[in-house]
Amino acid sequence: MALATLTNYMTPTGREEPWRFTPLNRLAGLHDPQVSLRDRISLEPLDIPVGVSVTIEDAEAFPSLSETSDQIVIRVREGASKLLLLTIESNAEIREPIFLKREVLDLSPEVSRVQINAGANSHAIIVIENSGEGVFAEEIEFNLASGANIKFITLQEWSSRAVHVARHHAIVARDASFTSFVITVGGSLVRILPTVEYTGPGSTAELFGLYFATDGQHLEHRVHIDHDVPGAKSRVNYKGALNGDSARTVWIGDVFIKAAAQGTDTYELNRNLLLSHGARADSVPNLEIETGDIVGAGHASTTGRFDDEQLFYLMSRGIPAEQARRLVIRGFFSEIVSKLNLESIEVRIMERIDNELAEVIA
Amino acid sequence: MSTLEIKGLHVSVVTEEGAKEILRGVDLTINSGETHAIMGPNGSGKSTLAYSIAGHPKYTITSGSVTLDGADVLDMTVDERAKAGLFLAMQYPVEVPGVSVSNFLRTAVTAIRGEAPKVRTWVGEVKEAMSQLSMDPAFSERNVNEGFSGGEKKRHEILQMELLKPKIAILDETDSGLDVDALRIVSEGVNRVKTNQDLGIMLITHYTRILRYIKPDFVHVFAGGRIVEEGGPELATKLEENGYAEYVTA
Ligand SMILES: Nc1ncnc2c1ncn2[C@@H]1O[C@H](COP(=O)(O)OP(=O)(O)O)[C@@H](O)[C@H]1O
Ligand SMILES: [Mg+2]
C-alpha cells in the first residue's frame with residue numbers, strides 16, 4: 001500500500017496553485033519523498049477530564065475520515081503508524097479546557113496524526129499548545145456528531161527555526177458547531193490548512209485566526225470550506241500583522257457553495273496590518289457559488305499600513321509613541337483575542353505580540 | 001499660572017505642487033484663566049494652528065516659536081507636549097478600533113500623571129465626570145470614537161480634558177455638529193474645568209453660537225493664516241452681524 005501511494009505521490013515543485021506561495025526550500029524536506037519522516041506522537045495531554053478519553057491507536061484501525069489532495073498530508077497518512085485518538089462522550093459537558101501540549105526540541109522531520117471524535121450534543125474546548133523547534137507535519141480530523149459544540153484553539157508559539165505544516169479538518173454534522181482559533185506567532189515556516197465540510201443542516205463553523213510575522217517568518221493559512229448541504233453557516237475572520245522587511249504571510253479563503261447548499265450563510269474576512277515597508281501579505285479570498293438560493297455570502301480583504309492618525313491621537317493624550325503603537329496593535333487583534341474567553345491565553349498572546357513588536361523597534 | 005506664547009508662527013504643508021504656506025505669522029499669548037476665541041472662515045488655517053501646537057507631523061514649522069511657561073513646545077514630541085500641560089480637543093477625533101474608552105483613559109491619565117491612578121478613586125472619578133457630561137456609563141466599554149455620533153465624540157474629548165487636567169486647552173470647533181442640549185452640556189463641562197483648574201482656553205470656532213455659553217475674554221479674527229483683528233467680546237457681536245466678508249476680501 002505504501003508503495004502504491006508513493007508512486008502516486010507528486011512532489012510539489014512550487015508551480016502548483018496550492019504551493020505557489022510556499023518557499024519549498026524551507027520545508028526541511030517535509031514534502032520530499034527522499035527525506036524520511038520520523039513516526040512518533042509528540043502530543044501529550046495534560047489533565048483528561050471525565051467524559052474524555054485519549055488513547056494511542058494503530059493508525060490502520062482508524063482510516064482517514066476525509067479526502068485530501070495535499071501532498072504533505074498524504075505523507076502524514078502514509079507515514080504515521082499510530083494515531084492519537086481523543087473521544088468526547090455523547091452529552092458530555094466538559095467545562096475545563098482539555099490541554100494538549102507539544103514541545104519538540106529537535107529538528108528531525110516527523111509526522112503526527114490525530115482524530116477527535118465529539119459525541120452527539122457534547123461540549124468541549126480543546127487547546128493544543130505547540131512550542132519548541134520541531135519540524136513536523138500533522139493532520140487533525142475532527143468528527144462532530146449532531147449537536148456537538150467544539151471550540152478548538154491551536155497555538156503556534158514555535159521558536160524561530162520550527163517548521164510546521166498541518167491540516168485541521170472538521171466534519172460538522174446536523175446542528176453541530178465548530179469554532180477554531182489558529183494563533184500563529186512563531187516558527188520559520190508555518191502552513192496550516194483549516195478546512196471544513198458539513199454533513200447536515202443547522203451546522204456552523206466559525207474559523208478565527210491571528211498571525212504575527214517578523215523577519216524571516218513565512219506564515220501561511222489556507223482556509224477551505226465546502227458547503228454542500230443545505231442550511232449551514234460559516235464565518236471566517238483572520239487578522240495578521242507583519243513587522244520586518246522579510247516577514248511574509250499568506251491567507252487563502254476558499255469557500256465553495258455547491259448547488260445542493262441552499263440556505264447557506266457565509267462571510268469571510270481577512271485583515272493585514274503592515275508595520276514595515278518590505279513586509280508582504282498575500283490575501284486571496286475566493287467565493288464560488290453554484291446556487292442563488294442562499295441567505296448570504298460575502299468576503300472582504302484589506303491590507304493596510306499602520307494608521308499614523310491613531311498614533312497622533314493617542315500621543316496627544318500623553319501616551320508615548322511605543323506604548324501607543326502597542327495599544328493600536330493590541331486593539332487591532334482584540335476582536336479575535338477577546339473571543340478566546342480564556343484569560344491566561346489572552347494575556348500570553350498579547351504579551352507575545354508586545355514582545356514581537358519590541359524586538360523590531362529595538 | 002501658565003502662559004502659552006505663540007510668536008511669528010509660520011507653518012506649511014507638503015502638497016503635490018510643493019510646500020504650501022498656511023500660517024503666515026501668528027502672534028498670540030494665552031494665560032491661565034483666559035478664554036481666547038479664534039474666529040474665522042473655513043480654510044483660514046484655524047485647525048492648522050491647533051495641530052501645529054499639538055505637534056501633528058503633517059505640519060512643518062518654517063519659523064516662529066511656541067513656548068509654554070518658557071519651555072520650547074516645538075522641540076517636544078507630541079506626548080511631551082501633552083505632559084507639559086497642553087490639550088487639543090480635535091475637530092475630528094480619531095477612531096481607535098479595539099481600544100476601549102476605559103483602557104484609553106486609564107493609559108492616558110497614567111502617562112500624564114506619571115503613575116497609575118488608584119483603582120478605587122479612579123472608577124469614581126471617571127463615573128462622575130461621565131455623568132456630568134450626561135454620558136452613559138456603558139460608554140466606557142466601547143472602542144475609542146468607533147461608531148460615536150458627532151455629539152458623543154465631542155463629549156468624549158471634553159471628558160478627556162476633564163480627567164487629564166491640562167494647563168492650556170485648544171478646542172477646535174468643539175461646537176460643530178452639536179445640537180442645543182449637547183452644546184450646553186459640553187460648554188458647562190468646559191466652564192467647570194476652567195473654574196476648577198484655572199484653565200487657559202483657545203476656543204476655535206466658526207460660529208458665535210458657543211460664545212453664549214463660554215464667555216470669551218478676547219476675540220481674535222483669523223483669516224488667511226493670521227490674526228487680522230483683535231478685541232473683546234463685542235467683536236464677536238460684530239462678526240455675528242457682518243460675517244467674515246470684510247476680512248476675506250481684505
Ligand atoms: N495637505 C494639504 N494640502 C493642501 N492644502 C492643505 C493641506 N492641509 C490643509 N490644507 C489647506 O490649508 C488651509 C487651512 O486649513 P485648516 O487649517 O483646516 O482651516 P480651518 O480649520 O480654518 O478651516 C485650507 O485652505 C486647506 O485646504
Ligand atoms: Mg478646522
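A:Ser112 sits in strand β6 (residues 110-118) of chain A; strands (E, at least two residues) and helices (H or I, at least four) are DSSP runs, numbered from the N terminus. A:Ser112 is buried at 2% relative accessibility, where buried means under 20% relative accessible area, exposed over 50% and partly exposed in between (1.4 Å probe, protein chains only). The model is predicted: local features need pLDDT of at least 70 and side-chain atom pairs count only at pLDDT 80 or more, while totals for chains, interfaces and linings use all residues. Residues are numbered from 1 along each chain as its sequence is written, chains are lettered from A and ligands numbered from 1 in the order in which they are written, and side-chain values use heavy atoms, with hydrogens and water left out.

**Confidence**
- The predictor gives the complex an ipTM of 0.97 and a pTM of 0.91.
- Chain B has a mean pLDDT of 95, with 99% of its residues at 70 or more; pLDDT is the predictor's confidence in each residue, from 0 to 100.

**Chain A: local features**
- Leaving aside residues up to four places away in sequence, A:Ser112 touches A:Val76, A:Arg102, A:Phe136, A:Ala137, A:Glu138 and A:Glu139, contact meaning heavy atoms within 4.5 Å.
- A:Ile72, in helix α2 (residues 71-79) of chain A, is buried with a relative accessible area of 1%.
- The C-alpha atoms of A:Ile72 and A:Leu30 are separated by 6.6 Å, although the two are 42 residues apart along the chain.
- A:Asn121, in the loop between β6 and β7 (123-132) of chain A, has a positive phi near 60° and is not a glycine; A:Asn121 is partly exposed at 40% relative accessibility.
- A:Asp175, in the loop between β10 (163-172) and β11 (177-184) of chain A, is a non-glycine residue with a positive phi of about 60°; its relative accessible area is 47%, which makes it partly exposed.

**Domains of chain A**
- Chain A is divided into domain 1 (6-305) and domain 2 (307-362), with bounds that come from an automatic or database domain assignment.
- The contact between them takes 30 residues from domain 1 and 20 residues from domain 2.
- The C-alpha centres of these two domains lie 26 Å apart.

**Nonpolar cores**
- The largest nonpolar core has 118 residues, of which A:Phe333, B:Ile6 and B:Met202 touch the most other members; such a core is a set of buried Ala, Val, Leu, Ile, Met, Phe, Trp, Tyr and Cys residues joined through side-chain atoms within 4.5 Å.
- Helix α4 (residues 321-337) of chain A gives the most to this core, with 8 residues.
- Both domains of chain A contribute residues, so this core lies between them.
- Another core, of 56 residues, lies apart from it and includes A:Val104, A:Val114, A:Ile126 and A:Leu242.
- Beyond four places in sequence, the contacts of B:Met202 include B:Ile6, B:Leu28, B:His36 and B:Ile170.

**Chain B: magnesium site and helix α3**
- The magnesium ion (ligand 2) is coordinated by B:Ser47 (OG) and B:Gln91 (OE1), at 2.1 to 2.3 Å.
- B:Ser47 lies in helix α1 (residues 46-54) and B:Gln91 in the loop between β6 (86-89) and β7 (96-100) of chain B, so the pair ties together parts 44 residues apart in sequence.
- Donors are N, O and S atoms within 2.8 Å of the metal (3.2 Å for Na, K and Ca); water is not among the atoms, so sites may look incomplete.
- B:Gln91 is buried, with a relative accessible area of 15%.
- The buried residues of α3(B) include B:Val101, B:Phe104, B:Leu105 and B:Ile112.
- B:Gly114, which follows α3(B), has a positive phi near 85°.
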